[in-house]
Amino acid sequence: MGKVIVVTSGKGGVGKTTSTAALGAALASRGEKVVVVDFDVGLRNLDLVMGAERRVVYDLVNVIQGDAKLPQALIRDKRLDTLFLLPASQTRDKDNLTAEGVELVIAELKRYFDWVICDSPAGIERGATLAMRHADMAVVVTNPEVSSVRDSDRIIGLLDSKTLKAERGERMEKHLLLTRYDAARAQRGDMLKVDDVLEILSIPLLGIIPESMDVLKASNIGAPVTLTDAKSAPAQAYFEAARRLAGEDLPVAIPGEKRGLFGKIFSRRAA
Amino acid sequence: MSLFNLFRKQRSAPMARERLQVLLAHERASVESDLVSILREEILAVIAKHVEVDADKVKVKMDRDEHVSILEIDVEIPLKASQLAA
């Protein structure tokens, strides 16, 4: 049985879709079978970030309504054999996403894939609660910025109350993915530090993705950042986050801390 | 502009942190108080079916730490009613 992960945030534009694609590709490049599922009905974007927008024939709503079988809607990635995409529909009617339908689709995906990664829509409405409903664990994507941290706090509350796991009285595993982190600005005191966000949200840290041009470049060409330039800083951070998701106990290096002001002075003196 | 320059040394991140801590403490408490007031009403209704209780004598409190939430219910039952029950 595969593991179901929801990538969620409350706030829009913090990097849910980018992170879904990057983590999915990172896990698939380890040879594990991965499907990334776009829950953003009406405003689908995961297909675009994955570079599969012209290959979409059927989508999640078609499968739920019985217009297509699941294998017909799944799109295999052209770069990685074990990576698949289940796109969202562009229909405006979000009610097409029924709780029972989603349950059946997730149950079937779990049988075939090692990882089912659900890209949640922004907000705390039905789409977001449906995306998190069947999750075994959650990746909470947060920017070091006040409104994003506040929305993440709300989402953590929902994860602890509105998911099947929570309703069964089990503990929902939640992980913080801090994105668009600028170590230099945090060091100057102009951006919330990693420790600040961790202290406020008090969930374990999955990874820190540095602010980088490489992320935009990757979405421009339609590929997960972990596939375009595996050596880039954000790709490395996503690869490490994926290993932690898979259960590896890997310490998180906080960007910039090693090369602090004192570090610079001392290393120069030592040289 | 010169006035602003006076404050240039003051960093914004500590302010963000402080504002968030105050705001979230408040928001978390208000979400819980909704639950507590619902529980309070329903518990009172159940007890009132069997014994006469004063609505003000039912106290419901929720405490949360890192690992567990504790729901504390304190109901004061009048002497007459408790004698009847025994």
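Predicted model: local features only at pLDDT ≥ 70, side-chain atom pairs only at ≥ 80, totals over all residues.
Residues are numbered from 1 along each chain as its sequence is written, chains are lettered from A and ligands numbered from 1 in the order in which they are written, and side-chain values use heavy atoms, with hydrogens and water left out.

Where chain A and chain B meet, 13 residues of chain A are in contact with 12 residues of chain B, contact being heavy atoms within 4.5 Å. The two chains bury about 1200 Å² between them, 53% of it on carbon and sulfur atoms; buried area here is the accessible area (1.4 Å probe) that two parts lose on being put together, summed over both. Of the area that chain A buries against chain B, A:Val146, A:Arg150 and A:Ile200 supply 39%, more than any other three residues.

The rule finds 5 salt bridges across this interface, a salt bridge being a side-chain nitrogen of Lys or Arg within 4 Å of a carboxyl oxygen of Asp or Glu. On the side of chain A that touches chain B, the elements giving two or more residues are α7 (146-159) and α10 (194-201) of chain A, where helices (H or I, at least four residues) and strands (E, at least two) are DSSP runs, numbered from the N terminus. That side has 6 nonpolar, 1 polar and 6 charged residues, with Ala, Val, Leu, Ile, Met, Phe, Trp, Tyr, Cys and Pro counted as nonpolar, Asp, Glu, Lys and Arg as charged, and the others, Gly among them, as polar.

Among the individual pairs, A:Glu199 forms a salt bridge with B:Arg17, with the closest N and O atoms 3.1 Å apart. Another salt bridge pairs B:Arg28 with A:Asp153, the closest N and O atoms being 2.5 Å apart; because B:Arg28 lies in helix α2 of chain B and A:Asp153 in helix α7 of chain A, this pair joins two chains. A:Asp153 is buried, with a relative accessible area of 11%, whereas B:Arg28 counts as partly exposed at 29% relative accessibility (buried means under 20% relative accessible area, exposed over 50%, partly exposed in between, with a 1.4 Å probe and protein chains only).

Within chain A, the side chains of A:Glu240 and A:Arg244 meet in a salt bridge (3.2 Å, N to O). These two residues are 4 residues apart in helix α13 (residues 233-245) of chain A, so they are separated by about one helical turn. A:Arg30, A:Glu32, A:Arg243 and A:Glu248 are linked in a network of salt bridges.

Over all chains, the structure holds 1 aromatic pair, where rings of Phe, Tyr and Trp (its six-membered ring) pair if their centres lie within 6.5 Å, and planes under 30 degrees apart count as stacked, over 60 as edge-to-face and the rest as tilted. The rings of A:Phe84 and A:Phe113 have their centres 5.4 Å apart and their planes at 65°, so the pair is edge-to-face. Because A:Phe84 lies in strand β4 (residues 83-86) of chain A and A:Phe113 in the loop between α5 (99-112) and β5 (115-119) of chain A, the pair ties together parts that are 29 residues apart in sequence. Both A:Phe84 and A:Phe113 are buried.
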